[in-house]
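Hi! Here is the structure I promised to pass on. Have a look at it first, and then read my notes below.

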Amino acid sequence: MAKLTYKDAGVDKNKGYEEVELIKKIVKSTHGKEVLADIGGFAGDFAPNLSGISNPVLLSGTDGVGTKIKLAMEMDKHDTVGIDCVAMCVNDILCQGGKPLFFLDYIATGKLDPQKMAELVKGVADGCKIASAALIGGETAEMPGIYKEDDYDLAGFAVGLVDKDKIIDGKDLKEGDIAIGLYSSGVHSNGFSLVRASMDQAGVSLTDKFDENITIGEKLLTPTKIYAKEIEDLIKNIEVKAISHITGGGLYENVPRVLKDDLSVEFNLSNLKLDPIFENIQKWGNIDTDEMYNTFNMGVGMVIFVDPKDCEKALEILEGKAEVVGQVTKGNKSIKINL
């Protein structure tokens with residue numbers, strides 16, 4: 001009878017050690033004085049600065065990148081989806097006025113490729129730097145038999161902090177308040193099953209040119225925008241009444257999550273400049289316009305709600321990164337979109 005080893009079963013521990021060595025400096029680059037230990041321990045150590053916070057509340061968020069991962073694998077480009085993973089978690093924390101503190105990632109793969117994993121972690125670290133969060137730990141699991149050798153998945157978990165008295169929850173929203181849309185960077189990380197189906201129907205390839213500078217694949221892999229700086233600047237200077245992160249389901253599904261039962265929002269998007277990637281997806285799949293707005297962010301990655309008197313100030317702070325897209329009305333949590 002043969003003597004089996006873990007490596008014979010498909011798990012190479014030495015590759016794991018190699019990955020840890022590759023990512024140590026990457027992870028360390030996200031650390032500030034709040035991080036008390038290097039990676040390698042059983043848990044991450046983080047001592048938050050609580051100055052100016054009288055009643056601290058921890059906020060948390062977890063998410064993945066969905067089937068956008070498949071595009072990264074097909075393009076053999078792995079250094080951006082980590083940014084997406086961070087964005088999907090920390091943008092949710094921002095919606096309640098939280099400051100992102102730290103992040104942990106989880107990567108599962110069929111066969112460990114240390115260099116590829118290091119590229120993934122580099123993306124995560126880049127996202128953490130944008131969000132001013134520390135990457136304090138994670139896990140890479142080699143899972144032969146569950147994943148194909150070259151396949152992987154990526155998920156994350158973020159923790160943020162807010163003073164209880166400053167939680168943003170929409171409780172003060174009223175009729176007449178203004179909806180300001182912060183521009184997205186493209187498709188972000190939702191709806192990619194429909195994107196891929198549309199491309200397949202039209203016979204479009206990821207390596208086809210999107211424009212003279214980039215391919216369709218490169219355009220679709222544009223990372224989800226992280227709005228940490230914009231939201232921080234806003235809540236320091238004006239009263240932000242509610243924030244909605246526009247993910248899967250678009251404006252129709254995400255905006256009602258911050259509305260009281262007797263309020264609705266009417267959007268006027270007739271002047272919103274639509275990224276051509278959305279027009280192409282709609283054309284490739286012959287997709288109804290209503291389906292597009294029920295699936296994708298359609299150019300608006302975050303909606304903030306402010307009092308009309310604060311609208312001009314908010315737009316000044318956002319410096320061309322946003323525009324007025326609608327207004328709160330009386331209603332029953334319904335969303336109306338005028339195009």
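**What I found**

Let's start with Thr-247, which sits in the loop between strand E6 (242-245) and helix H8 (250-254). Helices (H or I, at least four residues) and strands (E, at least two) are DSSP runs, numbered from the N terminus. Before going on, note that this is a predicted model, where local features need pLDDT of at least 70 and side-chain atom pairs count only at pLDDT 80 or more, while totals for chains, interfaces and linings use all residues. Residues are numbered from 1 along each chain as its sequence is written, and side-chain values use heavy atoms, with hydrogens and water left out.

Is Thr-247 buried or exposed? It is buried, with a relative accessible area of 14% (buried means under 20%, exposed over 50%, partly exposed in between, with a 1.4 Å probe and protein chains only). Its side chain makes a polar contact with the side chain of Asn-254, at 3.2 Å. Such a contact is a pair of N or O atoms within 3.5 Å; within protein, one must be able to donate a hydrogen and the other to accept it, and residues adjacent in sequence count only if both atoms are side-chain atoms. Setting aside neighbours within four places in sequence, Thr-247 is in contact (heavy atoms within 4.5 Å) with Met-88, Asn-190, Asn-254 and Thr-295.

Next, the rings. There are 2 aromatic pairs in the structure. The rings of Phe-46 and Phe-102 have centres 5.2 Å apart and planes at 50°, so this pair is tilted. (Rings of Phe, Tyr and Trp, the last by its six-membered ring, pair if their centres lie within 6.5 Å; planes under 30 degrees apart count as stacked, over 60 as edge-to-face and the rest as tilted.) Phe-46 is in the loop between helix H1 (13-28) and strand E1 (56-64), and Phe-102 is in strand E2 (residues 99-109), so the pair links distant parts of the chain, 56 residues apart. Phe-46 and Phe-102 are both buried.

Phe-278 and Phe-296 also form a tilted pair, 6.2 Å centre to centre with 55° between the planes. Both of these residues, Phe-278 and Phe-296, are buried too.

Finally, the domains: the protein is divided into domain 1 (12-163) and domain 2 (177-337), with bounds from an automatic or database domain assignment. Their centres, taken over C-alpha atoms, are 25 Å apart. In all, 25 residues of domain 1 are in contact with 26 residues of domain 2.

Enjoy exploring!
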